[in-house]
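Reader: I have a new model open, and I would like a hand reading it. Could we go through it together?
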Amino acid sequence: MHDHRRLGRELNLFDTDPLMGAGLPYWLPDGAIVRHTLEEYVREAEQRAGYRHVYSPALGKRELYEISGHWDHYSEDMFPPMDLGSEQVLLRPSLCPHHALIYRSRSHSYRELPLRMAELGGMYRSELSGVLGGLTRVRAITLNDAHIFCTLEQAVEEARAALELIGRAYADLGIRAARHRLSLPGEGGKYAADPDLWRRATALLREVLDGSGIPYEAAEGEAAFYGPKIDVQIADPAGREATLSTVQIDFHQPERFDLHYIGPDGAKHRPVMVHRSVIGSVERAVAHLVEAHGGAFPPWLAPVQLVILPVGDEQSEDAHALARRAHDLGLRAEVAGPEHGTLAARVREARLVPYQAVIGEREAAAGLVALRVRDGHCPDPLPAAELLRRIGDRVAARATGLWEPAAA
């Protein structure tokens, strides 16, 4: 059973230090590569889907979160206010109030809708020390967040498209959803009070799920304070569930922030706000990827994609030349020479790397490279250019499979 906390330290992905504080992990170089690659993947996927990216500050005035409802319904999970002159500011617990203000800062016509706004932004949760652990429960979170401002008639299609985007991302990442949950309000006062808006939003989300043919379970007490949501649940090797991705339809915040667009009749109309997160928090996503793959990431996501193993010192120059060619093609390659031990020891040490290129006396003389694929496949020796092209194709395609036989 894989535990991302143990593997993360063994693989030099992340660590913690008591002087930084509990729930505040830092990323080591290999972990930073995984994180950066994942973030770039999400940005590219969102751009292709018509999203525009923004940046917003991680601080906001207390008044902002009073308007959004976070202060009334969520303050126990927020860090205390900081006095700044005559004002109080807070570390934000969510990005949606900031995106609502960005939308409100300009007038909008119905012709601009849907307006899809995305950000990989920091937010902060005042988690209790007893629940913190690894990357799954942290106090500083980088959220893959987006908000779609649309008409009522567009909301179902936008939410459905968001679910499809999540499904494609899971396929590329080599992970799967454990189940889909329709999260509804429960008893108590933590939910914004407007029964009609809750009924409308719930009906739309049921239409999304039913139209997508996705089996789901309804769960009371799991909604956000401002509206119901579709939660895409994942499970760790022990079967413990967590929410990774979400899709929400929100009538509450457009009213709170008095958002509007100009309709074809020239009058003001209230937009619907669709919240969606493809991979949720980057921290939790990486934790799940580590556990799901046991550290053996898909080639496009692996910190080192190709390790080059010269059998002896005589092949060292050829190995470094191959590494330089790989770098020029954008591949992440390293040389592990005889100074790191026997060939067998180096092969074992690099067992999680997708591709191992062995250069011995015969390969060097013939201008070839012997390839060991992580799944145990050992194709016939290949010219360096052919080897790098085929690895590059697998990486560029974000394929989860390691090797594609050459076409006949």
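Author: Let us begin with a pairing: V369 stands opposite L382 in strand 20. Strands are DSSP runs of E with at least two residues, helices are runs of H or I with at least four, and both are numbered from the N terminus. This is a predicted model, where local features need pLDDT of at least 70 and side-chain atom pairs count only at pLDDT 80 or more, while totals for chains, interfaces and linings use all residues. Residues are numbered from 1 along each chain as its sequence is written, and side-chain values use heavy atoms, with hydrogens and water left out.

Reader: How many bridges join strand 19 to strand 20?
Author: Two strands pair if DSSP finds at least two bridges between them. Here, strand 19 and strand 20 (residues 382-383) run antiparallel, with 2 bridges.

Reader: Which residue is the bridge partner of A357 in strand 19?
Author: That partner is L371. Strand 18 (residues 355-359) pairs with strand 19 (residues 368-373) in the antiparallel sense, over 4 bridges.

Reader: At what angle do helix 2 and helix 6 cross?
Author: Axes are lines fitted to C-alpha atoms, for helices over the stretch in contact, and angles run from 0 to 180 degrees between N-to-C directions. The axes of helix 2 (residues 29-48) and helix 6 (residues 152-173) cross at roughly 145° and come within 12 Å.

Reader: Which residues make the contact?
Author: Contact means heavy atoms within 4.5 Å. Helix 2 contributes L38, Y41 and A45, and helix 6 contributes L165, R168, A169, D172 and L173.
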